[in-house]
Amino acid sequence: MEALLFYLVALVAVLSAFFVTKCRNTVNSALCLVTTFLCLAVYYVMLEAPFMAAIQIMVYAGAIMVLIVFVIMLLNIGSVGKSVYRHGLIWATGLGFLIFLIAAKFIAGGTVTKKVGTVTSEVVKDYGHTELIGTAMFTEFLLPFEIASILLLVAIVGAVILSKRKV
Amino acid sequence: MISVYHYMILAAILFAIGTFGVLTRKNTIVIFMCIELMLNSVNLTFIALSRHLGNMDGQIFVFFVMTVAAAEAAVGLALIIAFYRNKESIDVDDFNLLKW
């Protein structure tokens with residue numbers, strides 16, 4: 001049952017990821033990308049990370065994709081002409097396939113060790129995933145968390161300055 | 001039974017498709033979306049390995065990747081709008097001011 005769900009969602013994810021690169025209309029590409037994000041959220045739930053699934057949907061499929069679709073609508077791009085692709089379709093296919101082969105070789109050759117950490121299925125069930133994330137983030141990773149907040153502030157200011165009419 | 005290898009192979013496939021899209025498309029926004037796809041495939045690897053190893057650090061990493069992706073989306077789309085205002089186009093072929 002779990003394997004069936006995995007392969008079904010994998011099929012949808014790979015197909016919609018392919019159609020992101022294939023669709024002529026930019027809005028269709030964006031919608032296919034949302035489908036891929038939702039499939040990845042399903043996997044996060046299967047991997048017992050429900051908090052990650054929630055912020056995958058809210059941040060990625062919600063906020064970031066709304067921003068992208070907003071810009072597509074603002075610039076009124078719509079569908080493009082005949083030449084969707086740049087030159088070098090064959091070379092790009094070969095390079096993408098090569099990257100996949102290298103990754104597959106690493107995955108097949110590497111030996112992933114067994115569980116060494118403390119976070120098991122029972123711990124996640126007892127404490128709750130959000131609590132574990134929060135504990136790790138506000139104790140061990142407090143400094144990166146604060147740096148991330150500064151990064152977001154700088155990004156907001158930069159975006160406003162860049163899109164002002166007179167720079 | 002689904003092992004961590006299944007998830008990693010799936011992430012590799014998604015990453016390769018994202019690379020293909022970045023290398024072939026003309027439209028800047030589609031290239032941008034393909035970069036988001038590659039970031040997401042890396043996130044899947046992080047969470048699968050974090051679950052497999054019983055360690056929380058990978059999921060914290062995914063949180064920070066999402067933060068950086070949000071900042072990248074804001075700044076990158078502002079750049080695209082500023083470029084469109086000058087050139088009336090968002091094809092990467094028109095990004096040629098530094099070309100000689």
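Is A:Glu48 buried, exposed or partly exposed, and how many other C-beta atoms lie within 10 Å? A:Glu48 is partly exposed, with 17 of them in that range. The legends below take a closer look.

The model is predicted, so local features need pLDDT of at least 70 and side-chain atom pairs count only at pLDDT 80 or more, while totals for chains, interfaces and linings use all residues. Residues are numbered from 1 along each chain as its sequence is written, and chains are lettered from A and ligands numbered from 1 in the order in which they are written.

**View 1. A:Glu48 sits in a loop of chain A.** The loop runs between helix 2 (26–46) and helix 3 (50–75); helices are DSSP runs of H or I, at least four residues, numbered from the N terminus. A:Glu48 isn't a glycine, yet its phi is positive, at about 60 degrees. Its partly exposed label falls between buried (20 or more other C-beta atoms within 10 Å of its own) and exposed (12 or fewer), with C-beta atoms placed from the backbone.

**View 2. B:Glu88 lies in the segment after helix 3 (57–87) of chain B.** Here's another non-glycine with a positive phi of about 60 degrees. B:Glu88 counts as exposed because it has 9 C-beta neighbours inside 10 Å.

**View 3. Chain A is split into domain 1 (1–78) and domain 2 (119–167).** These bounds come from an automatic or database domain assignment. The C-alpha centres of the two domains lie 21 Å apart. Domain 1 of chain A puts 4 residues into the contact and domain 2 of chain A puts in 5; contact means C-beta atoms, placed from the backbone, within 7 Å.

Methods:
Helices (H or I, at least four residues) and strands (E, at least two) are DSSP runs, numbered from the N terminus. Two residues are in contact if their C-beta atoms, placed from the backbone, lie within 7 Å.
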